[in-house]
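Trainee: I have a model open and would like to go through a few spots with you. Can we start?

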Amino acid sequence: VMYRLLRRALKVLRDWIVPATAAKERTAPNPFGGETATGLKVVRTEWSEDLLKQLEWRRFEILCAGFWRAKGYNADLSGPGADGGVDVFVRDPANPHQIFAVIQCKAWSSAPVGVETIRALWGAKDHFKAQTAILHVTSDFTADAYGFAAAKPLQLISLAEFVRQLKALPTDLSRQLSAEVTKGDY
């Protein structure tokens, strides 16, 4: 945790050293988005693996729910406390009382996610009587995990795939989502 905070602080310092003659609006790319305390407007960079890895776990969940909302689904974060293995519930567009998909979000290290996590999500899918299950991670999956998910209504979305999907969003929705997940200290 300390290493991550120190690395992030050094990056912030490096990115924020601006010449004294800097204008009010900064146009250099910066992954932090939003405005600084001094009022400098910051332009966010494109979605990237580095940006997603910097998000705290709750912001990653907010990003995942926001992504599915941007795709036109009714997606809600699970409440505080034990979530039963589900971070986001996606409602059936035809029947808002029916859960269409359950989503688990894992903002873990770069280690691949194994089959145990996928089996637990599969059980949550059955428990909530959802049609499909989706797992978003900030890494990748093991071969066993991909094997378990094959031929099942189960989507495994790796970090690289999620970045690709985020970049495919319409620009206005992408900007809104980026501003939401990167505001303040994320």
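Trainee: Where does Val137 sit?

Mentor: Val137 is placed in strand β6, residues 132-137, where a strand is a DSSP run of E with at least two residues and a helix a run of H or I with at least four, numbered from the N terminus. This is a predicted model, in which local features need pLDDT of at least 70 and side-chain atom pairs count only at pLDDT 80 or more, while totals for chains, interfaces and linings use all residues. Residues are numbered from 1 along each chain as its sequence is written, and side-chain values use heavy atoms, leaving out hydrogens and water.

Trainee: Is Val137 buried or exposed?

Mentor: Val137 is buried, with a relative accessible area of 0%; buried means under 20%, exposed over 50% and partly exposed in between, with a 1.4 Å probe and protein chains only.

Trainee: And what does Val137 touch?

Mentor: Leaving aside residues up to four places away in sequence, its contacts (heavy atoms within 4.5 Å) include Phe60, Lys106 and Ile157. The C-alpha atoms of Val137 and Ile157 are 6.5 Å apart, although 20 residues separate them along the chain.

Trainee: New topic: how many aromatic pairs are there?

Mentor: There are eight aromatic pairs, meaning rings of Phe, Tyr or Trp (its six-membered ring) with centres within 6.5 Å, called stacked under 30 degrees between planes, edge-to-face over 60 and tilted for the rest. One of them is Phe67 with Phe162, edge-to-face at 5.2 Å centre to centre and 90° between the planes.

Trainee: Which parts does that pair tie together?

Mentor: Phe67 lies in helix α3 (residues 57-70) and Phe162 in helix α6 (residues 159-167), so the pair ties together parts 95 residues apart in sequence. Both Phe67 and Phe162 are buried.
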